[in-house]
Amino acid sequence: MNFWFAVFRQTGRNLHQTWTSQLMTFLTVSLSVLIFAFFYLIYTNMLGAGDRLSDDLRLIVYLEDEPGPQMQEQLRRKIQNFDDVEEIHFISKEEAYQRFAKQLGENSDVLQDIPTDFLPASIEVVPLKSLRGYNQIKLFSEYLANLPGTEKVQYGQEWVERFYYFTRLLTIVVLLSGTLLILTATFMVAYTIRLTIMGRQDELELLKLVGATNSYIRAPFLIEGILQGFMGSIIGLSALYGLFQWITAHFTGPGLLTLFQFTFFPPSVILLIIMSSICLCSIGSYTSIRKFLRI
Amino acid sequence: MIEMIKVSRTYDPNITALSDVSLSIATGEMFFLIGRSGAGKTTLLKLICNMETPSNGLIEVAGYNINKLKGKDLAHLRQKIGVAYQDFKLLSNRTVAENIAIAMEVSYKNPRAIRHRVRDLLGQLQLVDKHNTLTGELSRGEQQRVALARSVANSPRLILVDEPTGNLDAATTERVMELLTRSNKAGATIVIATHDDSIYQQGNHRIMELRDGNIHSLTRGSLK
Ligand SMILES: Nc1ncnc2c1ncn2[C@@H]1O[C@H](COP(=O)(O)OP(=O)(O)OP(=O)(O)O)[C@@H](O)[C@H]1O
Ligand SMILES: [Mg+2]
């Protein structure tokens, strides 16, 4: 009969003999995949939301006076000195007034007694998409605030700041849970395989004596690790998908989630998580084989 | 089949288990190894199957220097050597059938063929009813026969047997020797270490007596 049949039979025996510790390992691997994938999913969704928000991001520079055409040209050059920008709009006092009236709609008659130049003129700056990250935006806004003739710069500072810190916190959580995944997956698998090997020294010894090749002795343990990684990540991701479905079903409607457009991982990321789980578990089993299987 | 040239084996606190043993065993021969307890019989067999390494000297089995073989080559040679150990080396938490099957599984034999061969051997050794018994629950005489069955199961070219009849009655001893003789007739080279003169006096096979690790005599069986 062929090699692989014999190896799989041997693997089946291993699993059968040590199924309790196998189950524990399997659950640990699933759980750590679940925890990691959960935070990672939130993280990617936050990043997506961040992208959408920064698409809408514009800095409004309020000016002391209405700039003349020559001044406009100078300001434009000054702004572009700092960095290329997507767009620059000059908004005159008159335009600001019109916009405001439009926003008021039916209530615009309250403006009747107010002079049309009561709003300041401003420049609307749409930064380049590459200008991301809180610090860059902040630097840019400081630069703009220091231009001559500017009153102040607005871009929803507080909101951006809070969003930025939350994303940073999430980055840390994702890194931590990723480390957790790496540690538990490799250690637990290494540990169970170590147990199996220790508990069956005499059998492995005998296998050598009756002429089993090294690969015949090793392969079942490696397959065990691969199976743990595969099954663990599949179950962990399935649980997360269930959770995801439940959340989207229960929290739909207007509000936070519509802004966030909560989406699940694309297939490539799912595949990547499964592959890395398999990789980690194989590394775990391989180190145990190297350490404890003297052949 | 086996060439040993000036082979010595010493154990740590200067125990000399074998010293300067030179020996040549032909393919297809049945060869007996006798001597008092502690004479070095088991040591000699362990050297031949590479369970132990010689302190000195050269050992060739089937043309290979067995101490130079590694990995796959060693494994493949070992598949061709069946050994019934004096301490049996059975897996006590496995059944009789599983213990015998191990020797065939390592060369990836067909499961049907394995089952068939196991039943056949158990029949020849009067152990049919023990097929599914754990070997830990067997008597020593039964364990001894299971160890023997495992050594011949894979139809090896060389069979090394250490004390095959130590715990057996005359009738069962007869059956064991029949099995070994049949393997020998089929072409296997057989080396038997024993105290039991009833088995080596029966034929005209070569008999080597060890005494304190040295070859004391090399004679032939008296019959015929
Ligand atoms: N692993 C070991 N460490 C130290 N000494 C050993 C070891 N194995 C065997 N010996 C010694 O080597 C000598 C030969 O032992 P061996 O087992 O070959 O004898 P034997 O002829 O098989 O005896 P028996 O008939 O009792 O089985 C003995 O003196 C024994 O004490
Ligand atoms: Mg002995």
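Across all chains, a search of the whole structure turns up 17 aromatic pairs; rings of Phe, Tyr and Trp (its six-membered ring) pair if their centres lie within 6.5 Å, with planes under 30 degrees apart counted as stacked, over 60 as edge-to-face and the rest as tilted. To begin, select A:Phe3 and A:Trp4, an edge-to-face pair at 5.0 Å centre to centre with 80 degrees between the planes.

Helices (H or I, at least four residues) and strands (E, at least two) are DSSP runs, numbered from the N terminus.

Please keep in mind that this is a predicted model: local features need pLDDT of at least 70, side-chain atom pairs count only at pLDDT 80 or more, and totals for chains, interfaces and linings use all residues. Residues are numbered from 1 along each chain as its sequence is written, chains are lettered from A and ligands numbered from 1 in the order in which they are written, and side-chain values use heavy atoms, leaving out hydrogens and water.

Next, select A:Phe36, A:Tyr40, A:Tyr43, A:Tyr241, A:Phe244, A:Phe264 and A:Phe265, a cluster linked by ring pairs.

Finish in chain B with helix H5 (residues 140-153), whose 14 residues reach 20 Å from first C-alpha to last. Of these 14 residues, 13 are buried (under 20% relative accessible area; exposed is over 50%, partly exposed in between; 1.4 Å probe, protein chains only). Just after H5(B), look for B:Ser155, with a positive phi of about 45 degrees.

How values were computed:
Expected span 1.5 Å × (residues − 1).
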